[in-house]
Each structure stands twice: as structure tokens, then as C-alpha cells.
Amino acid sequence: MDAAAADLEARQLRILRRVADLELAAQQHRLEALSISAAPSGGEAETGATEARLSSILTASGVLDFTFRRVPADYYDRALEERRDLLRADSVNQLCKSIVMVNTQAAADVVDCSNPKNSKYYVVVVQYMARLNADSIKNFIYSLNEKQIPKKRFNMRLAPEEESLKLTGFVHNAVTCIGMETDIPVIIDEAITKLDKDFFWLGGGEVDLKLGVRTSQFLNAFKPFVVKCS
């Protein structure tokens with residue numbers, strides 16, 4: 001082999017080695033990118049903790065048919081029909097919210113939630129499509145106490161946001177009646193229990209986290225007061 005041929009062969013070998021190095025580097029870059037995209041961010045880990053905590057409470061209480069769903073940041077700017085589709089719900093009637101209500105006319109010695117029949121606060125689960133009737137709740141609690149407490153001692157109103165946060169541990173649009181900081185008595189609108197599908201959606205403890213749960217299992221596990229309040 002003459003000198004020219006040997007030089008050409010050497011250059012070809014260098015080119016082949018360079019191509020092989022580039023291919024190896026590209027493969028490593030792809031693997032690193034996959035690893036980064038698969039790793040949870042700090043925010044996801046934090047929200048995962050909320051889901052894990054509520055899941056543990058539900059399971060321990062005997063609720064086995066439930067699911068969590070993440071929603072976009074503009075979820076509450078969207079129409080109910082869009083929210084239904086995001087949650088893959090069967091109907092907008094399944095979309096519900098948990099509202100903390102306070103008895104503004106309670107007697108001076110009624111300051112907490114220790115007596116479910118005559119609590120200072122109640123959490124009411126109602127459909128977004130429904131209009132809450134506070135008088136129905138007042139009448140129910142009045143009857144619950146066998147009319148032994150004057151009716152004027154009951155006046156149910158929406159609790160201020162700061163009180164709701166302190167009692168539940170959940171911010172506005174994230175409130176759920178499961179895993180609250182305070183054991184507040186729960187009232188669920190009768191209409192939810194009569195839906196065609198034995199399933200409803202409510203807040204999941206974070207603004208962008210929603211919880212879907214089997215209605216019958218929820219009722220059996222948490223024993224809420226079922227009241228016709230819409």
C-alpha cells in the first residue's frame with residue numbers, strides 16, 4: 001500500500017470513530033432527557049402528598065372506589081360542561097363543592113363543632129348546578145334538636161374564607177369534607193344521593209386537584225346528614 005492510500009485509510013478510520021462518538025453522545029443525551037422528564041418536580045411531590053393523605057383516609061374508612069384528577073389552572077374560568085369533560089364525569093350534576101357554613105346566631109356557649117346536632121359550623125356538599133337553601137339547613141338543625149332550641153338561634157351563613165381555611169386546612173376552591181383540620185359535621189344535599197350515577201366529584205384538597213368518589217361508599221363511611229337543601 002502506497003503512502004497516499006495509507007493516509008486515506010487513516011482519515012477514514014478517524015471519521016468513523018468520530019461518527020461513533022457522536023452517536024454515543026446523542027444516545028446518552030436522549031437517555032438523560034427521558035430521565036429528567038420522568039422525575040417528579042418538587043411541586044408534584046408536594047401535591048402527591050395531599051393525594052396520598054386523602055387516599056389513606058378514604059381507604060381506612062372503607063371507601064375503595066375513588067379517583068383523583070388534575071385540572072388546568074383556569075378550571076374555574078371554564079363552563080361547567082368543560083369541567084365535566086376535564087373530569088370525564090357523566091354529567092354536570094355530578095360536579096359538587098364543599099361549603100363551610102357558620103351559625104351566626106348560635107348561643108354563646110356554642111363555639112365549636114363538638115356537638116354535631118348543634119355545631120357552630122357545618123360543611124355542606126352541594127351541586128354547582130343547585131342553589132343552596134340556607135333556610136332548609138336551619139330547619140333541619142332545628143328539628144334535629146327536637147325543637148328544644150329556639151329557631152332564632154339558627155342562622156346559617158357562608159363562613160368567611162379565613163375561618164374556612166383555619167377550620168379545614170384547605171384554601172378557597174380546594175375545600176373538601178375529607179381530611180379537614182377540624183372534625184366539622186357534614187351535610188350532603190339529598191339531590192346528590194339521588195343521581196342516576198352513584199358517583200360525584202368535589203374538591204381534592206388543592207385548587208387543581210379534584211376527587212371523584214362512589215356516593216354510596218361515601219355515605220356509609222362518613223355518615224353525613226342527608227338534607228334536602230337545594
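Asp208 is partly exposed in this predicted model, with a relative accessible area of 30%; the classes used are buried (under 20% relative accessible area), exposed (over 50%) and partly exposed (in between), with a 1.4 Å probe and protein chains only. The model is predicted, and local features need pLDDT of at least 70, side-chain atom pairs count only at pLDDT 80 or more, and totals for chains, interfaces and linings use all residues. Residues are numbered from 1 along each chain as its sequence is written, and side-chain values use heavy atoms, with hydrogens and water left out.

The side chain of Asp208 meets that of Arg70 in a salt bridge, at 2.6 Å from N to O. This pair joins distant parts of the chain, with Arg70 in strand β1 and Asp208 in the loop between β6 and β7, 138 residues apart. Helices (H or I, at least four residues) and strands (E, at least two) are DSSP runs, numbered from the N terminus. A salt bridge is taken as a side-chain nitrogen of Lys or Arg within 4 Å of a carboxyl oxygen of Asp or Glu. Arg70 is partly exposed, because its relative accessibility is 35%. Arg70 and Asp208 also belong, together with Glu206, to a network of salt bridges.

By this rule the count of salt bridges is 7. One of them is between Arg214 and Asp65, whose side chains meet at 2.5 Å, N to O. This pair, too, links distant parts of the chain: Arg214 is in strand β7 and Asp65 in the loop between α2 (42-60) and β1 (66-70), 149 residues apart. Arg214 has a relative accessible area of 26% and is therefore partly exposed; Asp65 is partly exposed, with a value of 26%. A salt bridge is also formed by the side chains of Asp85 and Arg84, at 3.0 Å from N to O. Arg84, at 24% relative accessibility, counts as partly exposed.

The loop between β6 (199-206) and β7 (209-214) also holds Val207. With 36% relative accessibility, Val207 is partly exposed. Leu165, Val171 and Val207 make up a nonpolar surface patch, with about 220 Å² of accessible area together. Patches consist of residues with over 30% relative accessible area and no salt bridge, like charges being joined within 9 Å and nonpolar side chains (Val, Leu, Ile, Met, Phe, Trp, Tyr) within 5 Å. Accessible areas come from the Shrake-Rupley method with a 1.4 Å probe, and for residues only the protein chains shown count as cover.

In helix α4 (residues 134-144), the residues Ala134, Ile137, Ile141 and Tyr142 are buried. They lie on the same side of α4, because they cover an arc of only 135 degrees around the axis, the arc being that of the directions from the helix axis to the C-beta atoms. The buried residues of α4 pack against β2 (96-103), β3 (121-127), β4 (156-158) and β5 (186-189), contact meaning heavy atoms within 4.5 Å. The N-terminal end of α4 is capped by Asn133, which has a side-chain oxygen 3.0 Å from the backbone nitrogen of Asp135.

Helix α4 is followed by Glu146, which has a positive phi, near 55 degrees. Most residues other than glycine have a negative phi. Arg88, not a glycine, has a positive phi of about 60 degrees. Arg88 is in the loop between α3 (80-87) and β2, and is exposed, with a relative accessible area of 63%.

Methods: A polar contact is a pair of N or O atoms within 3.5 Å; within protein, one must be able to donate a hydrogen and the other to accept it, and residues adjacent in sequence count only if both atoms are side-chain atoms.
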